[in-house]
Amino acid sequence: MQILIVNIPPDFTDAQLQSIFKEFGTVNSVMIGTDKKTGASEGYGIVEMPVKHEARDAVEALRG
């Protein structure tokens, strides 16, 4: 299941985002969107978790 994360601070890293979601289960991949020209964060990311109930638990716990 892919989860779209918004309003990510500009200095946040993939590793930090993975660490947060890893508390809820297996994380296959994490990607924070960046501007192709500048490399600056675009404030969103995608986390992929293979187990749906773990992904849903993470979303519920981290919402807001």
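Trainee: What radius of gyration would a compact globule with 64 residues have, and what does the protein have?

Mentor: Happy to start there. A compact globule with 64 residues would have a radius of gyration near 11 Å, and the protein has 12 Å, which agrees. Keep in mind that this is a predicted model. Along the principal axes, the C-alpha atoms fill a box of roughly 35 × 25 × 15 Å.

Trainee: In what order do the elements run from the N terminus on?

Mentor: The order is β-α-β-β-α, made up of 2 helices and 3 strands. To see how the chain links up, look at contacts between residues at least 6 apart in sequence: 52% of them join residues at least 24 apart.

Trainee: How should I read the nonpolar core, and which residues are in the largest one?

Mentor: The general idea first: in soluble globular proteins, nonpolar side chains tend to be buried together. Here, the largest nonpolar core has 12 residues, namely I3, I5, I8, L17, F21, V27, V30, I32, V47, M49, A55 and A58. At least two residues of this core come from each of β1 (2-6), α1 (14-22), β2 (29-34) and α2 (52-62). Overall, 27% of the 64 residues count as buried.

Trainee: Is N7 buried or exposed?

Mentor: The cut-off for exposed is over 50% relative accessible area. N7 has 72% relative accessibility, so N7 counts as exposed.

Trainee: How do I read pockets, and what volume does the largest pocket have?

Mentor: Rolling a probe the size of a water molecule over the atoms shows where empty space is left. In this case, the largest pocket has a volume of about 330 Å³. Its lining has 15 residues, and the closest to the pocket centre are I5, V6, F21, L62 and R63.

Trainee: Which element gives the most to that lining, and how is the lining split by class?

Mentor: β1 gives the most, with 4 residues, while β1, α1 and α2 each supply at least two. By class, the lining has 12 nonpolar, 2 polar and 1 charged residues.

Methods:
Residues numbered from 1 in each chain as written. Predicted model: local features only at pLDDT ≥ 70, side-chain atom pairs only at ≥ 80, totals over all residues. Heavy atoms only, no water. Core = buried A, V, L, I, M, F, W, Y, C linked by side-chain atoms within 4.5 Å. Buried < 20%, exposed > 50% of the residue type's maximum accessible area, 1.4 Å probe, protein only. 1 Å grid on protein atoms, 1.4 Å probe; cavity = no way out; pocket = protein on both sides within 12 Å on 5 of 7 lines; lining within 4 Å. Points joined across faces, edges and corners; volume = space filled by probe spheres on them. Nonpolar A, V, L, I, M, F, W, Y, C, P; charged D, E, K, R; others polar. Rg over C-alpha atoms; globule rule 2.2 N^0.38 Å. Contact = heavy atoms within 4.5 Å.
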